[in-house]
Amino acid sequence: MTTETRRAITPAATTPKDPRWSQQANCHHTDPELFFPVGVSKAAQKQAAQAKAVCMACPVRVACLEWALDTGEQFGVLGGLTQDERWGLRKVTPRGPGQAMDRCIEAREHIAEWRKAGMSQADMASVLNVDRSVLRAAVQRFDRDERRQQDLEAAA
Ligand code: SF4
């Protein structure tokens, strides 16, 4: 399927692994063009941000993102991430806890967004393909870093 073909349909319609799954997608009610920003101009970045906002409120966001990572889907905003962001998280099994922690650290900004959106640690671990205990340790580490930073700022 070409990029041009994809632009004519919603992202969810390209991911019919489970028809019930895709029928619940928020993008069914949104202009499909929104999910396919072209280039890196400010306008394209704004469009991607708008598409991500639709995804963040989507009830099947986790399933969509897992599908996109599992299949290596190359085009468009899916599951709240652009193709470049998904590329950074591609779902290769990390070798050992060290690599799993590295993946969590690389995904720190995404993890912060997901937490704000109320995503569970189990879902975050699944999306990142890391053990839950590693994800939990990473979240604790991020929280510790943030508290330390706030203490430093308060003391300054
Ligand atoms: S997460 Fe985004 S792209 Fe995926 S189904 Fe929901 S609205 Fe569509």
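**Figure 1. Overall fold of the predicted model.** Read along its sequence, the protein chain follows the pattern α-α-α-α-α-α-α-α-α, and its secondary structure amounts to 9 helices and 0 strands, where helices (H or I, at least four residues) and strands (E, at least two) are DSSP runs numbered from the N terminus. This is a predicted model, in which local features need pLDDT of at least 70 and side-chain atom pairs count only at pLDDT 80 or more, while totals for chains, interfaces and linings use all residues. Residues are numbered from 1 along each chain as its sequence is written, and side-chain values use heavy atoms, with hydrogens and water left out. Of the 156 residues of the protein chain, 39% count as buried, buried meaning under 20% relative accessible area, exposed over 50%, and partly exposed in between (1.4 Å probe, protein chains only). Among contacts with a separation of 6 or more, 53% come from residues 24 or more positions apart, a contact being heavy atoms within 4.5 Å.

**Figure 2. The largest nonpolar core.** A nonpolar core is a set of buried Ala, Val, Leu, Ile, Met, Phe, Trp, Tyr and Cys residues joined through side-chain atoms within 4.5 Å. The largest such core holds 22 residues, of which C104, I111, W114, L128 and L135 touch the most other members. Helices α4 (61-71), α6 (96-106), α7 (108-116), α8 (121-128) and α9 (132-155) each supply at least two residues of this core, and the largest share, 5 residues, comes from α9. At least three residues are drawn from each of domain 1 (17-88) and domain 2 (92-156), the bounds coming from an automatic or database domain assignment. Leaving out residues up to four places away in sequence, L128 touches L89, R103, C104, A107, I111, W114 and L135. Apart from this core lies another, of 17 residues, among them W21, A48, C64 and A68.

Figure 3. Because 8 of its 11 residues are buried, α4 is largely enclosed by the rest of the structure; the buried residues are R61, V62, C64, L65, E66, W67, A68 and L69. Within this helix, E66 has a relative accessible area of 19% and is buried. Leaving aside neighbours within four places in sequence, E66 is in contact with K91, S126 and V127. Helix α4 is followed by G72, whose phi is positive, near 70°.

**Figure 4. A44 in helix α3.** A44 has its place in helix α3 (residues 42-56) and counts as buried at 6% relative accessibility. Not counting residues up to four places away in sequence, A44 touches P37, V38 and G39. The C-alpha atoms of A44 and L34, which are 10 residues apart along the chain, are separated by 9.5 Å.

**Figure 5. N129 between two helices.** N129 lies in the loop between α8 and α9 and is partly exposed, with a relative accessible area of 26%. Most residues other than glycine have a negative phi, whereas N129, although not a glycine, has a positive phi of about 60°.

**Figure 6. The shell around the ligand.** Of the 12 residues around the ligand, A25, C27, C55, C58 and C64 come nearest, a residue being near a molecule if one of its heavy atoms lies within 4 Å of it. By class, this shell has 9 nonpolar, 2 polar and 1 charged residues, with Ala, Val, Leu, Ile, Met, Phe, Trp, Tyr, Cys and Pro counted as nonpolar, Asp, Glu, Lys and Arg as charged, and the others, Gly among them, as polar.
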